[in-house]
Amino acid sequence: MKRIIVLFALMLCAMLAFGAYASEEELTVCPDCGGNIVVSDAVAPSCTEDGQTAGSYCGKCWKTFKAVEKIPATGHHATPGTNICADCGEVLSEQEPESCPHTDMDVLEEVPATCTSTGLTVGLKCKACYEIVVPQEIIEKIPHVDEVDEAVPATCLNTGLSAGVHCAVCKTVLLAQEVIPIADHTEVIDEAVAPTCLKTGLTEGKHCTVCGEITVEQEVLPITGHTAVVDEAVEPTCTETGLTEGSHCSGCGEVYVAQEIVPAKGHTIVSGVVVEPTCTDVGLSAGSYCSVCSEVLSEPEIIPAKGHAVEKIPGIEPTCTEVGLTESSYCSVCGEIFSAHEIIPALGHTESEWTVITDAACDQEGLKEKRCTVCDEVIETITVPMLEHTVVTNEAVEATCTEAGKTEGSYCSVCEEVFAEQKEIPALGHKEVKDEAVEATCTEAGKTEGSHCSVCEEVLVEQKTVPALGHKEVKDEAVEATCTEAGLTEGYHCSVCEEVLVEQKTVPALGHKEVMDRAIEATCTETGLTEGYHCSVCEVVLVKQETVPALGHKKVTDEAVEATCTEPGLTQGSHCSVCGVTLVKQEVVPAGHKIVKIPAVKATCLETGLTEGSKCSACGEILVQQEVVPALGHNWKDGRPASCTSDGIRLCTNCGEIEQVPALGHDEGTWVIVTEATADAEGLKELRCTVCEFVLEEEVIPKLGNRLVGDVNGDGVVDGRDLVRLAKFIGGSQVDITEENATVNGDTVVDGRDLIRLAKYFGGHSVELK
């Protein structure tokens with residue numbers, strides 16, 4: 001039963017842990033000291049910032065498992081035909097536009113991801129201009145696959161091992177097995193035999209079940225008269241019946257008070273905890289167990305991961321003068337980005353024939369022009385001599401909820417001089433009415449909250465259907481019928497709405513099945529019984545059997561046999577001449593070996609030891625063979641941890657050996673803002689070592705100036721370069737952004753929602769940057 005509970009707990013912990021691994025840094029265990037292994041992710045280099053390979057080290061003894069290597073910055077590479085960096089979108093004002101056909105490529109090799117480090121996809125770089133044509137993307141780490149190393153129990157002869165866990169893929173030790181010292185003797189009590197009115201007894205003794213050594217020898221107790229003994233009550237469990245207290249004579253077995261059966265109590269069922277699945281992680285159903293005896297009644301079932309809800313962000317077509325963006329996609333539930341926006345170069349103008357724009361009229365000159373046939377931008381204009389005015393009336397336009405209106409006006413259709421200006425009448429605005437949400441039930445679908453305009457009936461927030469939840473089926477356990485009690489069949493009901501799904505039906509009581517208990521004749525030592533009856537199903541006594549007294553033995557002495565050096569002997573005994581039963585058992589007297597212990601030799605860090613053995617001091621025969629105990633190995637413990645600038649030491653707790661640990665050196669550090677920049681004053685940020693807080697570098701933060709929402713790169717203009725810069729930042733590239741301008745949805749946090757809003761803004765959607 002305990003083994004089932006342990007396995008169930010291990011399985012539950014492993015499944016919960018698996019969900020954590022999908023979003024958090026994995027921790028493994030150092031095989032030397034048992035400390036947690038810290039893993040640093042690979043960082044791709046950018047135009048101006050160095051990158052690094054993935055690495056790992058022990059957070060306790062500082063042992064390096066995989067060294068971090070520096071990857072140099074790639075440098076800026078202008079997009080052909082422009083002076084904009086193709087990688088980070090930065091305007092390279094001092095750099096002349098260049099054009100490169102990208103005909104000769106260097107392949108940036110793929111770095112496979114492992115259980116302990118991230119990887120990189122295949123990339124391409126132009127050998128001529130060094131532009132990264134296909135950037136490498138980070139491949140997420142592969143989760144460890146746990147494999148249990150079974151525990152080996154220690155005995156009085158051998159050391160043991162605790163249970164451990166290692167990864168079945170990379171063989172990393174996740175939970176190291178520890179040596180369990182040699183155990184004390186596994187003593188088993190040789191039960192005392194109480195003397196009776198007819199038989200001698202024995203005192204309680206002990207011996208080891210592993211090596212067989214007798215630790216407490218049993219002694220013979222003389223015959224006694226009748227002795228009343230209490231038959232202890234036995235508490236019933238969930239599945240086992242119990243007994244009431246009774247009594248009998250320990251010598252002849254006569255029952256004074258018969259013990260009666262107490263029915264089993266039955267399980268107390270408790271449901272486990274439900275773990276809901278996510279986009280990438282599986283969940284667990286509740287399962288159930290008994291809260292009294294901990295027996296698992298129904299195993300929890302794995303609930304598959306829901307999978308990503310992919311939503312696409314439309315691309316932005318390039319124009320003659322503006323770059324465009326390709327389509328991107330992300331998960332609408334967890335926000336993971338699957339494909340980032342990529343820049344599409346501007347198309348350039350296509351010149352048209354001369355077109356008359358304004359005919360000459362009234363006292364105003366006319367105009368003709370050449371335009372771009374794609375974007376309709378004016379490339380060149382020519383003036384046409386004046387003619388006379390031609391008056392045209394502009395009809396009044398009534399305002400609606402969403403469209404502004406206009407007053408009546410007039411103008412000249414030739415020179416466009418306004419005689420009566422049309423004035424805008426503001427749009428009336430929607431009158432929003434809330435459409436209440438409807439909660440879903442087990443069998444009925446629901447709706448999310450929405451809203452519409454009470455004037456024009458336009459839907460402002462669409463109500464979405466929420467699927468019916470479905471019943472959560474719970475089993476109603478069957479109850480077996482007994483001889484006197486009715487039972488129930490198995491059924492099911494919903495744990496949410498309590499609807500009965502499968503009704504339980506009554507099973508009638510079975511009734512007693514009468515069996516005859518045959519009469520037993522009395523013997524020399526055993527009482528007899530009269531004929532009786534009981535139920536063969538529930539064991540209830542229907543007709544009680546009466547006791548017939550024992551007849552008594554006729555004693556005959558069995559002579560003692562003296563033991564020799566090589567042959568065992570016998571003590572004096574006796575038996576009954578009528579029934580042949582032994583009254584006083586003849587005990588075997590062992591042959592004459594004299595046992596001497598061979599002392600154990602304790603193992604050290606570097607040398608093996610020996611277990612305790614034994615031999616006969618008379619004939620020299622080895623009775624218990626000594627076995628080799630493996631060397632313990634050093635057990636290091638930090639005496640003084642190494643710091644960034646000073647060495648540390650560690651001590652073996654077994655043998656006292658001291659070893660020096662080299663200084664760690666400063667890490668690359670993280671930037672910490674000391675003083676926030678304001679509109680009137682510069683700020684200050686410091687690059688500090690994350691271990692000892694030592695300041696490695698200082699940098700001035702420029703004044704904020706006036707905030708321009710959407711100006712992610714801080715060049716004073718909101719354009720496609722800002723969308724590119726924000727997409728790279730959200731995708732994990734090392735690019736600088738103006739954070740207060742990048743929070744275009746107004747929630748002060750730069751994330752995927754800001755990228756979506758900015759992409760929709762450039763795509764012509766009715767969204768506000770705030």
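Is R721 buried, partly exposed or exposed, at 24% relative accessibility? I looked this up first, and R721 counts as partly exposed at that value, given that buried means under 20% relative accessible area, exposed over 50%, and partly exposed in between (1.4 Å probe, protein chains only).

**Ground rules.** I noted that this is a predicted model, in which local features need pLDDT of at least 70 and side-chain atom pairs count only at pLDDT 80 or more, while totals for chains, interfaces and linings use all residues. Residues are numbered from 1 along each chain as its sequence is written, and side-chain values use heavy atoms, with hydrogens and water left out.

**Salt bridges.** I took a salt bridge to be a side-chain nitrogen of Lys or Arg within 4 Å of a carboxyl oxygen of Asp or Glu, and by this rule the count comes to 15. One of them joins the side chains of D719 and R721 at 2.8 Å, N to O, and I recorded D719 as buried, with a relative accessible area of 9%. Another links R688 and E693 through their side chains at 3.5 Å, N to O; R688 is partly exposed with a relative accessible area of 22%, and E693 is partly exposed at 45% relative accessibility.

I then looked at the pair E351 and K370, whose side chains form a salt bridge at 3.3 Å, N to O. E351 sits in the loop between strand 36 and strand 37 (355–358) and K370 in strand 38, so the pair ties together parts that are 19 residues apart in sequence. For these labels, helices (H or I, at least four residues) and strands (E, at least two) are DSSP runs, numbered from the N terminus. K370 counts as buried, at 16% relative accessibility.

**R371.** I next placed R371 in strand 38, which covers residues 361–371, and found R371 partly exposed, with a relative accessible area of 25%. With contact taken as heavy atoms within 4.5 Å, and with neighbours within four places in sequence left aside, R371 is in contact with T350, E351, S352, I357, D376, E377, V378 and I379. The side chain of R371 also makes a polar contact with the side chain of E369 at 2.2 Å; a polar contact is a pair of N or O atoms within 3.5 Å, where within protein one must be able to donate a hydrogen and the other to accept it, and where residues adjacent in sequence count only if both atoms are side-chain atoms. I also checked R371 against E562, and the two are 191 residues apart in sequence and 132 Å apart in space, C-alpha to C-alpha.

G732 follows helix 2, and its phi is positive, near 100°.

N741 belongs to helix 3 (residues 739–742) and is buried, with a relative accessible area of 5%. Not counting residues up to four places away in sequence, N741 touches R707, L708, V709, G710 and D711.

**Cavity.** For the search, a cavity is a set of points on a 1 Å grid over the protein atoms alone where a 1.4 Å probe fits but cannot get out, and lining residues have an atom within 4 Å of a point. I found one cavity of 30 Å³ or more, and the largest cavity has a volume of about 30 Å³, where grid points are joined across faces, edges and corners and the volume is the space filled by probe spheres set on the points. C33, K60, C61, W636, K637, D638 and R650 line the largest cavity, and strand 70 (residues 636–640) gives the most to that lining, with three residues.

**Positive phi.** I noted E498, a residue other than glycine with a positive phi near 65°, in the loop between strand 52 (491–494) and strand 53 (500–502). Phi of E539 is likewise positive and near 65°; E539 lies in the loop between strand 57 (532–535) and strand 58 (541–543) and is partly exposed, at 43% relative accessibility.

Terms used:
1 Å grid on protein atoms, 1.4 Å probe; cavity = no way out; pocket = protein on both sides within 12 Å on 5 of 7 lines; lining within 4 Å.
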